[in-house]
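User: I would like to learn how to read aromatic rings in a protein model. Please take me through it step by step.

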Amino acid sequence: MIIHIRKIHVLAVIVTVLCVSFFFALKAEKKITPVSGAEGKDLPVIMYHHVTENKKRAGKYVILKDELERDLDYIRDNGYTTVTVGDLIEYVDGKKDLPEKIIMITFDDGFESVRELAWPLLKERKMKAVLSVVGSITETYAENADRNINYAYLNWDDIRELSESEEFEIQNHTYDMHSTNNSGRKGLSRKSGESPIDYENFLKEDLSRMQNLLKKLSGVSATAVAYPYGSYSKETLRIVKELGFRSSFLCEERINRITRGNADSLFDLGRYNRPSGRNTEDFFEKLLKRA
């Protein structure tokens with residue numbers, strides 16, 4: 001009887017040791033790298049669109065190649081590291097840390113000029129950018145051979161090429177919500193008189209269609225939505241989350257705070273539009289003071 005009790009006791013000790021070992025092993029596997037001095041990171045996001053070498057074409061949403069080059073040099077020389085949505089997701093999920101000073105470069109719409117003019121500049125400096133493309137526009141330029149750098153857009157093969165590079169991350173800019181088309185809708189806003197359920201169905205269909213096309217034709221699984229014109233409705237964020245997106249971009253000019261463990265900090269990120277005609281130092285110094 002005593003021997004039997006001792007056997008049970010020994011077995012219990014062994015089981016306990018195994019459980020404790022498993023617990024610490026599991027804890028070590030899920031360990032989050034501590035953030036030095038803070039629980040989050042300030043993130044400025046710069047929004048570009050079209051790039052040109054023709055001064056006559058430069059404007060609010062069209063930047064000169066020389067201006068972009070000076071911007072990238074300023075970012076590099078002031079110690080900032082460019083990040084993508086994927087980097088932020090890994091940080092928030094506790095899978096990686098981020099450099100002390102981070103900044104995000106975004107290009108909206110998917111102009112051919114981004115591939116021809118911006119890509120070499122990024123590659124030369126080993127920088128990364130987020131490129132958000134529109135499905136209906138991409139389809140149009142996939143059906144013709146127009147490569148005019150002054151106005152043309154990327155096709156599906158171009159998007160695949162950029163997504164497989166080290167410089168670009170591709171994101172969803174909707175399938176066909178970047179133009180009003182006399183529909184009474186601007187961006188992701190709900191039309192006047194449109195019921196919440198009709199709006200939800202429309203938005204889900206559009207964003208899902210774009211996701212499917214990106215995956216099928218370019219091999220891309222987008223994790224973020226850039227709202228055209230920055231327009232949205234009170235139901236938009238909930239719908240975007242339900243579709244499985246991890247982040248979204250607005251056009252509101254403000255610095256973002258990305259917090260480790262807080263998935264919501266990745267949504268509705270503010271961005272600063274970069275127009276042509278402004279001195280690089282003046283543009284960046286004013287906004288980075290807010291970071």
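**Reading aromatic rings**

User: Where do we start, and is F283 buried or exposed?

Analyst: F283 is buried, with a relative accessible area of 4%. Buried means under 20% relative accessible area, exposed means over 50%, and partly exposed lies in between (1.4 Å probe, protein chains only). F284 is buried too, at 0%. A note on sources: this is a predicted model, where local features need pLDDT of at least 70, side-chain atom pairs count only at pLDDT 80 or more, and totals for chains, interfaces and linings use all residues. Residues are numbered from 1 along each chain as its sequence is written, and side-chain values use heavy atoms, leaving out hydrogens and water.

User: How is a pair of aromatic rings described?

Analyst: By the distance of the centres and the angle of the planes. Rings of Phe, Tyr and Trp (its six-membered ring) pair if their centres lie within 6.5 Å; planes under 30 degrees apart are stacked, over 60 edge-to-face, and the rest tilted. The count here is seven aromatic pairs. One of them, F111 with Y153, is stacked: 4.4 Å centre to centre, 25° between the planes. Both F111 and Y153 are buried. The planes of F283 and F284 stand at 85°, with centres 5.1 Å apart, so that pair is edge-to-face.

User: Which residues form one aromatic cluster?

Analyst: Y48, F107 and F168 do.

User: What sits over the ring of W119?

Analyst: The charged end of K123, 4.2 Å from the ring centre. The rule: NZ of Lys or CZ of Arg is within 6 Å of the ring centre and within 35 degrees of the ring normal. K241 lies over the face of F267, at 5.1 Å from the ring centre.
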